[in-house]
Amino acid sequence: MQTQACQALDRAHHLHPFTDFKALGEEGCRVITHAEGVYIHDSEGHRILDGMAGLWCVNLGYGRRELVEAAAAQMAELPYYNTFFKTTHPPVARLAEKLCDLAPDHVNHVFFTGSGSEANDTVLRMVRRYWALQGKPEKQWVIGRENGYHGSTVAGMSLGGMAPMHDQGGPCVPGITHVRQPYWFGEGRDQSPEAFGRACAAALEERILELGEDNVAAFIAEPVQGAGGAIMPPASYWPAVKAVLAKYDILLVADEVICGFGRLGAWFGSQHFGLEPDLMPIAKGLSSGYLPIGGVLVGDRVADTLIEAGGEFFHGFTYSGHPTCAAVALKNLELLEAEGIVERVRDDLGPYLAERWAELGDHPLVGEARSLGLMGALELVDPATGERFDKALSAGNLCRDICFTTGLVMRSVGDTMIISPPLVITRDEIDELVRLARQALDETA
Ligand code: PLP
């Protein structure tokens, strides 16, 4: 199909996610036609390095025949069957076993969903049911973080702390509140990172006491905030938060939708930070984005209670444990494991990216260059003052658009530029990524 014909159809009929429909209608979309390795290709013949792995998900890179074949074989055998009403099938049983094998020792069960948002809806219902079964139905409040992201369903966006999302489409789910995020560059530079990390944990404790310690069910957070701007917490943050949650017997939900499956150089971000979450929502890298699938890894404390209490959990999705998606996810995990990709991120690619990415810190437009594993961020600042731009200038969007035309997908969150490339990226491709990022910074300045 010709580029213009595709754009015209799209403009006429397609409402895109997280998009200004009017502005897009005027500009038209770039048409992506195929992809291989870490590169996507558009209909005009451009090859673009995908510095975002799609939407933080194509961990294994594009064009993996093994995943295509796993999908085709499963589709031929049993394309769909549900897991309601006392039925199961081999791919979902095998995937459940594999996930529990990879997860921390205290995790031995998984509830499947179709996406990360559905996983977080599941979390909300599960934690409240857990406390009801424990004879503490008053434990209802869930605390999330400002600028956290947990999805776009009503429960997902309510758990997330993105104010513009809360402002649209009616009230949020009641019983959810948000505390400050451990975003040192944006909100904490009047103190050391370590003091700021402790202050954020203290703010959590203060909120728990305001709500009443007997009324708080769970705290939900991404090990590293992704969509909020690749925000790596100060080293003091997670140990202090863990201590607060233990003190008041509050469940920890670590949203692993981005951090899971190798992004930070461990199978789960929780393992990198030494967390033992009660619940871990997963999606994205679970199938490297080849098919939609998500789930919640459920720790023994919660799973044992739900199982032993008996009685139906009135919750589930048509595509919970979809056999074709499960077969692809299983193959994806087997490949990540067989090729030692998580270890390579930890021992080689993550440290190499850290070294190369840090070099961008000398650019006059960059106030901070940070990375962890294969996730990185650049904080854009006004070269004249070294301070953050007035939001209206939108340097981030300009930089993102320049990147795209020069051949790199880098995303902007306000004036924070972020990357999260496929985990199969090579050192040479990291060099290319850094070179293209610098070129875009030069052209933005
Ligand atoms: N949780 C986190 C941390 C995410 O980053 C996302 C999506 O970006 C979600 C949940 C929602 O996942 P999905 O878009 O698959 O519903």
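Me: So two residues are in contact if their C-beta atoms, placed from the backbone, lie within 7 Å. Going by that, what share of the chain's contacts between residues at least 6 apart in sequence join residues at least 24 apart?

Reply: That share is 71%. Bear in mind that this is a predicted model: local features need pLDDT of at least 70 and side-chain atom pairs count only at pLDDT 80 or more, while totals for chains, interfaces and linings use all residues. Residue numbers start from 1 along each chain as its sequence is written.

Me: Got it. How many helices and strands are there?

Reply: The chain has 17 helices and 15 strands. They're DSSP runs numbered from the N terminus, with helices being H or I of at least four residues and strands E of at least two.

Me: And how does the radius of gyration fit a compact globule?

Reply: The two agree: a compact globule of 445 residues would have a radius of gyration near 22 Å, and the chain has 22 Å. The radius is taken over C-alpha atoms, and the globule rule is 2.2 Å times the number of residues to the power 0.38. Along its principal axes, the C-alpha trace spans about 60 × 60 × 45 Å.

Me: What percentage of the residues is buried?

Reply: Buried residues make up 48% of the 445. A residue is buried if 20 or more other C-beta atoms lie within 10 Å of its own, exposed if 12 or fewer, and partly exposed in between, with C-beta atoms placed from the backbone.

Me: What domains is the chain divided into?

Reply: Domain 1 is 31–63 + 340–444, and domain 2 is 67–338. Those bounds come from an automatic or database domain assignment. The C-alpha centres of domain 1 and domain 2 lie 26 Å apart.

Me: How many residues of each domain are in contact with the other?

Reply: 26 residues of domain 1 are in contact with 23 of domain 2. On the domain 1 side, H3 (53–56), H15, S11, S12 and S15 (416–419) each supply at least two residues. H15 gives the most to that side, with five.

Me: And which classes is that side of domain 1 made of?

Reply: It has 14 nonpolar, eight polar and four charged residues. Here Ala, Val, Leu, Ile, Met, Phe, Trp, Tyr, Cys and Pro count as nonpolar, Asp, Glu, Lys and Arg as charged, and the others, Gly among them, as polar.

Me: Back to H15. Where's its kink?

Reply: H15 (residues 341–358) kinks by about 40 degrees at leucine 349, shortly before proline 351. The bend at a residue is the angle between axes fitted to the seven residues ending there and the seven starting there. Leu349 is also one of the buried residues of H15, along with Ile341, Val342, Val345, Gly350, Leu353 and Trp357.

Me: What covers those buried residues of H15?

Reply: The cover includes helix H14 (323–338), strand S11 (366–372), strand S12 (375–380) and helix H17 (427–444).

Me: New topic, the ligand. Which residues around it come nearest?

Reply: Of 15 residues around the ligand, Ser115, Gly116, Ser117, Gly151 and Val257 come nearest. A residue is near a molecule if its C-beta atom, placed from the backbone, lies within 6 Å of it. Helix H6 (residues 116–133) provides the largest share of the shell, three residues. By class, the shell divides into five nonpolar, eight polar and two charged residues.

Me: Now alanine 217 in strand S7. Buried or exposed?

Reply: Alanine 217 is buried, with 25 other C-beta atoms within 10 Å. Valine 127 is 90 residues away in sequence but 6.6 Å away in space, C-alpha to C-alpha.

Me: And alanine 235, buried or exposed?

Reply: Exposed, because it has 11 C-beta neighbours inside 10 Å. Alanine 235 sits in the loop between strand S7 (216–221) and helix H11 (237–248). Not counting residues up to four places away in sequence, it touches Glu194 and Gly197.

Me: Last one: what's phi at serine 288?

Reply: It's near 50 degrees, a positive value in a residue other than glycine. Serine 288 is in the loop between strand S9 (279–282) and strand S10 (294–299), and is buried, with 28 other C-beta atoms within 10 Å.
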